Amino acid sequence: MEKFDTLIIGGGPAGLMAAIRASSLGQKTAIAEKNHSVGEKLLISGRGRCNFTNAENDIDIFLAHYGKKGKFLYSAFSKFGPFRTREYFKSIGVEYVEERGKRIFPLEGGSQRVLDALLMQCRKYGVKIMRNTPVTAMRTKNGHVDYIVTENNEYKADKYIIATGGKSYPKTGSTGDGYEFARRAGHTITPLYPALVPVRTRETWPKLASGCDLRNIRLKVILDGVEIYSRFGEMEFTNFGVSGPIVMEISSLIPDWEGELQFSLDMKPSLTPEILIQRVKREINQHSGHGRFRGLVRSLVPSKMVSLILELSDIPHDKPVEYISDDEIAEFVKLIKDIRMNINGLWSYNNAMVTRGGVSLDEVEPSTMKSKLYDNLYFAGEILDLNGTSGGFNLQVCWSTGYIAGSVNE
Ligand SMILES: Cc1cc2nc3c(=O)[nH]c(=O)nc-3n(C[C@H](O)[C@H](O)[C@H](O)COP(=O)(O)OP(=O)(O)OC[C@H]3O[C@@H](n4cnc5c(N)ncnc54)[C@H](O)[C@@H]3O)c2cc1C
């Protein structure tokens, strides 16, 4: 049975970082990767541009992007945080640029540049990458991982790092296997949900505006009739509900809210109803005698939204504008500022950027990523019960925890 100092299950960003760190410290290191190639999800991250970290310098603001669980990362970030991550990538040939929302991207070459740089380091330090090697089981004995089983072999190591990722985009290889290995070994896996994922609505009319990107809108979350959350930004309608940046962010919180959940879309958040009524009246005056309600709608909302608004409004489409009453105007303005949708759940893991939930942080040492149940088992990356908002926060978890998990034997 071949034996290593450090054996990593999974060749995603977390596994690659752990392997580079361990091998650079002189460890005989191997990665068992089920796919033919490593880093498949990394390659599609940021639509192939790879938003690999975030330039937010305030550590508390940074950690708030992971919710209450963010504090688990204090120790890892003190050793290999966002700043060191940027410096590290620069040192291995990945120059970067900062974009909107402090998002950091490679200056050139996108995700492929990041992956190539990591693979170059793996080669430099002699990491053995065993491709097409799905791990099928992990054998444990008396608080110790004994060996792992792959489809064709068994491997032993002094130290094992599970970096198999989550369950989202399973076609990239992240099928949740690591959760099963950890669960069978006695670790607690907190409930798993797709996160950073589009949201389904009970209504079918969103498809009338499918593909319509809305900017500068406000989306409110209403739970059992009470507004509990509100975000300003961009969203889009889809064939089955809603998506886009603020919807994806909100999706990660939805499992926390039990009850009747609705979204309220305000298409004109900067205008009060009174000002909007004045604006509608001005439009009516301008088109009086030759305009129809349909045209009025066209003058007020993006063209892809027109069919949807006409569908939701009670005013006949071809009603001459001069016959539209004050009550109808008020109703129309109410609609524009409060398009209600009933939330019918999250879209599937196939469309989710990350998985919420994972190996319970209560059972992992924050300064080493070592299991509290096994003396030679570690975790890194998305398999941990940590998920961030979009903006480079999820890959940062991989770099920091991967580095720490690969470090411990120094
Ligand atoms: C479309 C999309 C875009 C994204 N964009 C961004 C972005 O721009 N910025 C950002 O911060 N985050 C982004 N993310 C999230 C980010 O890609 C993930 O958080 C990150 O890839 C997780 O890394 P990981 O190493 O933990 O796991 P993964 O990247 O999932 O890698 C796990 C690896 O383990 C392997 N594996 C699984 N099971 C086994 C097994 N049994 N045996 C052997 N190998 C196994 C898999 O094949 C895979 O190679 C995006 C995600 C998606 C889906």
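Reader: Let's start at the ligand. Which helices each supply at least two residues of the shell around it?

Author: Helix H1 (13–24), helix H2 (40–44) and helix H13 (393–407) do. Keep in mind that this is a predicted model.

Reader: Ok, and which residues come nearest to the ligand?

Author: Gly10, Gly12, Gly165, Gly173 and Gly381, out of the 40 residues around the ligand.

Reader: What does the shell look like by class?

Author: There are 17 nonpolar and 17 polar residues in the shell around the ligand, plus six charged ones.

Reader: Stepping back, how many helices and strands does the chain have?

Author: The chain has 13 helices and 18 strands. Its C-alpha atoms fill a box of roughly 85 × 40 × 35 Å along the principal axes.

Reader: And what domains does the assignment give?

Author: Domain 1 covers 2–193 + 353–407, and domain 2 covers 198–347. Five residues from domain 1 and six residues from domain 2 make the contact. On the domain 1 side, the residues that touch domain 2 are one nonpolar, three polar and one charged.

Reader: How far apart are the centres of domain 1 and domain 2?

Author: Taking the C-alpha centres, domain 1 and domain 2 are 41 Å apart.

Reader: Switching to the inside of the protein. Which residues touch the most other members of the largest nonpolar core?

Author: Ala18, Phe379 and Ala380, in a core of 66 residues. Apart from that core lies another one of 42 residues, including Val199, Val242, Phe293 and Val333.

Reader: What does Ala380 touch, leaving out residues up to four places away in sequence?

Author: Ala380 touches Ala14, Gly15, Ala18, Ile161, Ala163, Met369, Cys398, Thr401, Gly402 and Ala405.

Reader: Is Met369 buried or exposed?

Author: Buried, because 30 other C-beta atoms lie within 10 Å of Met369, and 20 or more is the cut-off for that.

Reader: What about Cys50, what's its phi?

Author: Cys50 has a phi near 60 degrees, again a positive value in a residue other than glycine. Cys50 sits in the loop between H2 and strand S3 (53–54).

Reader: Why does Cys50 count as buried?

Author: Because Cys50 has 26 C-beta neighbours inside 10 Å.

Reader: New topic, helix H7. Which residues in H7 are buried?

Author: H7 runs over residues 177–184, and Asp177, Gly178, Tyr179, Phe181 and Ala182 are buried in it.

Reader: Which strands do the buried residues of H7 pack against?

Author: Strand S1 (2–9), strand S7 (135–141) and strand S9 (154–162). After H7 comes Gly186, with a positive phi near 105 degrees.

Reader: Let's stay with S7. How many bridges join S7 to S8?

Author: Six, and the two strands run antiparallel, with S8 spanning residues 144–150. Val135 stands opposite Thr150 in S8. S7 and S8 make a hairpin with two residues between them, and Asn142 in the turn has a positive phi of about 50 degrees.

Reader: And S8 to S9, how many bridges there?

Author: Two bridges, also running antiparallel. Val149 has Glu154 in S9 as its bridge partner. These strands, S8 and S9, form a hairpin too, with three residues between them.

Reader: I've got my eye on Thr140. Which strand is Thr140 in?

Author: Thr140 is found in strand S7. Not counting residues up to four places away in sequence, Thr140 touches Val145, Asp146, Ala185 and Tyr374.

Reader: Why is Thr140 partly exposed?

Author: Because Thr140 has 19 other C-beta atoms within 10 Å, whereas a buried residue needs 20 or more and an exposed one has 12 or fewer.

Reader: How far is Thr140 from Arg184, C-alpha to C-alpha?

Author: They are separated by 9.6 Å, although Thr140 and Arg184 are 44 residues apart along the chain.

Reader: Last one: what share of the chain do buried residues make up?

Author: Buried residues make up 45% of the 410 residues. As for contacts with a separation of 6 or more, residues 24 or more positions apart account for 73% of them.

How values were computed. Residues are numbered from 1 along each chain as its sequence is written. This is a predicted model: local features need pLDDT of at least 70, side-chain atom pairs count only at pLDDT 80 or more; totals for chains, interfaces and linings use all residues. A residue is near a molecule or strand if its C-beta atom, placed from the backbone, lies within 6 Å of it. Helices (H or I, at least four residues) and strands (E, at least two) are DSSP runs, numbered from the N terminus. Ala, Val, Leu, Ile, Met, Phe, Trp, Tyr, Cys and Pro count as nonpolar, Asp, Glu, Lys and Arg as charged, and the others, Gly among them, as polar. Domain bounds come from an automatic or database domain assignment. Two residues are in contact if their C-beta atoms, placed from the backbone, lie within 7 Å. A nonpolar core is a set of buried Ala, Val, Leu, Ile, Met, Phe, Trp, Tyr and Cys residues joined through C-beta atoms within 7 Å. Two strands pair if DSSP finds at least two bridges between them.
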